[in-house]
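Visitor: I would like to learn how to read a few features of this model. Please show me the structure, and then we can go through it.

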Amino acid sequence: RSHGRGLKMHRYLFFQFKPERYYYGCLYMLRGFLVCFVPVVIQDNAPVQIACMAGIFLLFFAIQQHLQPWKVQTGNYADGATSIFMIMILFCAAMSPGNHTLGVLASLVMCFLGMVLFGATAWGLFRRVKKKELFHTFITHHRGEAAAQARLLQLVVYEGSPIGWGKRCFLSADHTLSFDETLDIVRASVDQLVVLLTNSTLRTMVCAGEITIAHQMKRQIVPILTPTFSSPTILQLQNLERYLAMEDTSLAQLDITTTHVSEAYMWMLREPRLELDMDLCGRHRYQVLARQVEARQRGDRPSMIAALSAPASLDVRTNQIVISSDVTDNEATACAGILASRLPLVASGNGTCMLADYANSDLNTIRSILREAYGLVFVLTSGSLESDQMYQLNEASLGNCATRMVPVHTQTFTFPSKEELNRKLLRAFGSDHSQLEGCVAHLLKRPSVFISTGGSITTLSDQFAQVARQLAVLSSASLGQKSGSASPVIKLGDRSGDEDEEYDTPFHANTKRSGSRSGSGTPGSSNYAKSNEGGGRG
């Protein structure tokens with residue numbers, strides 16, 4: 001087992017079946033043996049022979065439908081249909097003597113079965129010779145640590161965006177494939193493998209399998225180092241059973257041993273590596289990285305690529321949708337980048353501005369753009385409450401978008417209690433924490449949209465549309481307030497009252513209904529949830 005010789009010798013028994021149904025090959029052969037054995041044991045009694053054979057087909061038909069063992073779903077349909085046709089032929093044959101109609105029916109069933117088998121064979125040959133769908137790049141990543149970064153690399157660079165090259169890029173989140181089917185993509189349909197190396201990338205079975213197959217098939221590989229990556233030691237590579245995380249996925253069932261994984265890891269770590277340039281800001285960081293990946297694919301050296309020019313100075317325009325994120329968190333930056341590239345424009349919008357793209361810009365310029373913004377989308381991640389985002393929130397709460405703020409949160413963010421919020425702000429901002437606490441508390445009371453960074457592009461598009469709907473609802477409410485149809489509004493930056501003071505009540509009920517209709521809900525602690533109950537509490 002450790003060397004995989006036994007697996008290779010007996011691969012014909014299970015390679016057509018799902019890994020968890022590896023034993024079905026034995027059942028399949030047992031069915032054929034029993035069908036052949038019936039005429040040997042029961043020789044001169046045709047009715048009993050037919051009854052026994054029909055019972056065998058029915059038994060194994062029920063087993064097959066319950067297990068669904070074939071890798072391809074069409075195989076499950078074909079296996080079940082074959083059993084049904086065989087049972088029909090048996091009963092037609094049993095009752096056909098002296099009955100011309102049943103004889104014709106049996107002949108028709110046989111003809112139909114032959115046509116189905118012929119059609120299936122022809123379709124299989126056509127699929128075999130047809131040119132396979134190829135991908136320029138396969139991005140291997142840890143879904144809990146680099147899902148947003150992998151998605152941004154796909155969207156901005158490869159999927160035909162205004163600044164991209166329209167190259168096809170495979171991301172597992174967009175395809176409902178089993179693990180072995182994903183490995184088949186790496187084996188047969190990929191030009192190069194890009195590996196986003198974070199803290200846990202090399203510890204997962206999925207990434208280990210993808211890298212190993214790329215090594216065995218001699219695919220070009222591009223390792224990308226992120227700040228959280230720590231290279232495994234020689235001792236860890238020699239003891240991969242302890243280094244790899246225990247998961248449901250078994251590499252041994254797919255003929256991949258720890259020796260194969262160790263060889264693939266050492267091969268990958270010897271290849272020239274690219275690094276995420278943390279001196280660059282926002283999406284610019286991934287644009288440069290993409291240029292380097294493309295150069296590697298062409299065979300150039302990354303050092304020969306002309307560096308991209310720095311982003312232009314921040315254009316102070318009114319009515320922009322401003323996206324705020326934690327600039328020290330790569331996943332937060334990538335999530336904001338996806339929002340900036342895919343967020344639908346809403347009424348009165350004048351484009352989107354991602355503040356992380358201009359993290360090194362003048363503070364007064366950023367203050368101006370925040371105060372003149374049409375709306376603010378606030379990306380909440382694990383470190384947001386202790387980052388400079390809090391100052392951005394404070395500036396925005398004093399401007400035009402004070403009533404048009406939409407918080408969005410990823411799976412890494414946990415809504416704090418009142419005491420936890422106070423403790424985090426005090427630790428991060430010292431004496432300024434009391435001034436910021438009111439803004440943050442009001443923001444967390446608003447319905448928040450969940451962004452699944454590891455979801456498919458369809459899921460992300462639905463969630464971004466939900467953000468746009470929230471902005472549209474808030475915009476309509478603010479227009480009603482300006483016309484005098486609503487009660488006076490206390491801006492979020494006005495902390496003259498206590499923390500339970502009423503503010504901006506008319507639109508809040510609308511956003512609650514919008515959130516419940518789209519399934520976002522209003523996550524958060526009980527301290528914040530209480531203020532959403534009843535009419536007129538912010």
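Visitor: Which residue in S8 does Ile321 stand opposite?

Guide: Two strands pair if DSSP finds at least two bridges between them; strands are DSSP runs of E of at least two residues and helices runs of H or I of at least four, numbered from the N terminus. Here Ile321 stands opposite Gly375 in S8. S6 and S8 (residues 375–380) run parallel and are joined by four bridges. This is a predicted model, in which local features need pLDDT of at least 70, side-chain atom pairs count only at pLDDT 80 or more, and totals for chains, interfaces and linings use all residues. Residues are numbered from 1 along each chain as its sequence is written, and side-chain values use heavy atoms, leaving out hydrogens and water.

Visitor: In what order do the five strands of the open sheet lie?

Guide: The order is S7-S6-S8-S9-S10, with parallel pairing. S7 (352–354) and S10 (449–450) are at the edges with a single partner strand each, so one side of each has no neighbour in the sheet.

Visitor: Where is Asp329 found?

Guide: Asp329 is in the loop between S6 (321–324) and helix H13 (330–342). A polar atom of its side chain lies 3.0 Å from the backbone nitrogen of Glu331. Contact means heavy atoms within 4.5 Å; leaving aside residues up to four places away in sequence, Asp329 touches Thr381 and Ser382.

Visitor: How many disulfides does a search of the whole structure find?

Guide: A disulfide is a covalent bond between the sulfur atoms of two cysteines. The criterion is a pair of cysteine sulfur atoms within 2.5 Å, and the search finds zero.

Conventions: A polar contact is a pair of N or O atoms within 3.5 Å; within protein, one must be able to donate a hydrogen and the other to accept it, and residues adjacent in sequence count only if both atoms are side-chain atoms.
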